[in-house]
Amino acid sequence: MVTPNPDFAKEIAAAGGEEVKMCFQCGTCTAGCPSGRRTSYRVRKLMRMAQLGMKEEIINSEELWECSTCYTCVERCPRQVPIVDIIIALRNIAVAEGHMYDNHKGTAKNLVKYGHTVPVKDDITALREKLGLPAVPPTVLSNDKAKADLDKILAATGFTKITE
Amino acid sequence: MAKYAFFLGCIAPLRYPGIEKSTREVCAALGVELVDLQDASCCPAPGVIRAFSKKTWLAAAARNLALAEKQGLPILTICNGCYGSLFDAAHELAHDEKLLAEVNEVLKEIGMEYKGTTKVYHFAEVLYREVGIEGIKAKITNPLSYQVAAFYGCHFLKPSNIKGVDDPEDPKILDELIEATGAKSMPRKQKMLCCGAGGGLKAAFGDVAKKFTETNLENMKESGAQYIIDVCPFCHLQFDGTQKELGYSIPVLHLSQLYGLAMGMSADDLGLSAHITPVTL
């Protein structure tokens, strides 16, 4: 038996997923979901679990991270439920409670270190020069002050902390 | 012709610089003026960084948008992920004053403010709307005769209620852009299927991502496509980087590289040596 937990609905709403309550469980989302065709992830089921407040089951599940955010479900939903926004809200809650895959933490650490989600590689730097491009792209990578500004944003919004 | 702040993102400049080079050359040839968006960071990535912290994502995106606002220019992106993040963030901030005020509280720490005015466009959309198919055709010096697979990706068109670029289920824009070079965009099954890389899937569940990619590759092969033409360096990386393992060898080009070829750029200038699936022209 599942005991409905209305407090979780408030938590989801605060994270930007308030419209989960609009879902009337038709299943159009699951029917068109390319991930659901290849994994045990079921969009309709996740929306229902969110409505019922099954927080622990959701934030501990692999399925929460099996959405590729392709928006097929959002395009087809007859209730215009912003499903991807809801999934993002649920993932934010999961991460805030310490549920994060190592590889995702790696991507997050790249952002903190480089200001980009992938590291700088020597062979690509050489190719950039060969192509007549600046060896270092004209981004935060080439301006310490700009990178320091980004660092402040990452710290002020609690991001640096979740990568630790 | 309008002028744009060129947003590089991460994968193009740091993995496939040929995409950056081709974009610069092609835009110059077509009269689209690009000014570097100096000091920009990652957009940040919509499927991973936004999934970890929407607050961080929005504030860092707002910093990028504010840099363009200061230059008084709209942003041009060459990546669906960057387009997804920056367009969505700009849309949210233009329609929610409370959110904009919250973001500006964060930006105040670095002496910046975002007023909410920056417009964000995708490279393919700009060429289609500003230069137009006939304008592009007029600049083709090396017409192509390849059969190719047009790969739209997801965030170029979706969510369509705010983007409004084309029909998300049956679009034509990329097919038309490709065919302006003389190449033929081949019909195929499940043309709008995601590459599989987005949403953090590539990083956390690479095998699941590859299952998406494999279906796409099989359908592309069956269609007779000799090249895959994308508009997103992340889809590009997924197709380019997984084929060897999956047993396929269809070379992958970003639309800017296809245009570079059709406008007479040399193979060296397209930066093809960075491609993992060999490109033999």
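This is a predicted model: local features need pLDDT of at least 70, side-chain atom pairs count only at pLDDT 80 or more; totals for chains, interfaces and linings use all residues.
I noted the ground rules next. Residues are numbered from 1 along each chain as its sequence is written, and chains are lettered from A in the order in which they are written. Local features need pLDDT of at least 70, side-chain atom pairs count only at pLDDT 80 or more, and totals for chains use all residues, while side-chain values use heavy atoms, without hydrogens and water.

I then looked up the secondary structure. Chain B has 13 helices and eight strands, which are DSSP runs (H or I, at least four residues; E, at least two) numbered from the N terminus. The radius of gyration of chain B is 18 Å, close to the 19 Å of the globule rule for 281 residues, so chain B is as compact as a globular protein of that length. That radius is taken over C-alpha atoms, and the rule is 2.2 Å times the number of residues to the power 0.38.

I turned to the core. The largest nonpolar core holds 162 residues; such a core is a set of buried Ala, Val, Leu, Ile, Met, Phe, Trp, Tyr and Cys residues joined through side-chain atoms within 4.5 Å. Its largest share, 10 residues, comes from helix H4 (residues 54-71) of chain B. Among the residues with the most contacts inside the core is B:Phe52.

Leaving aside neighbours within four places in sequence, its contacts (heavy atoms within 4.5 Å) include A:Trp65, A:Met100 and A:Phe159.

Note on methods. Buried means under 20% relative accessible area, exposed over 50%, partly exposed in between (1.4 Å probe, protein chains only).
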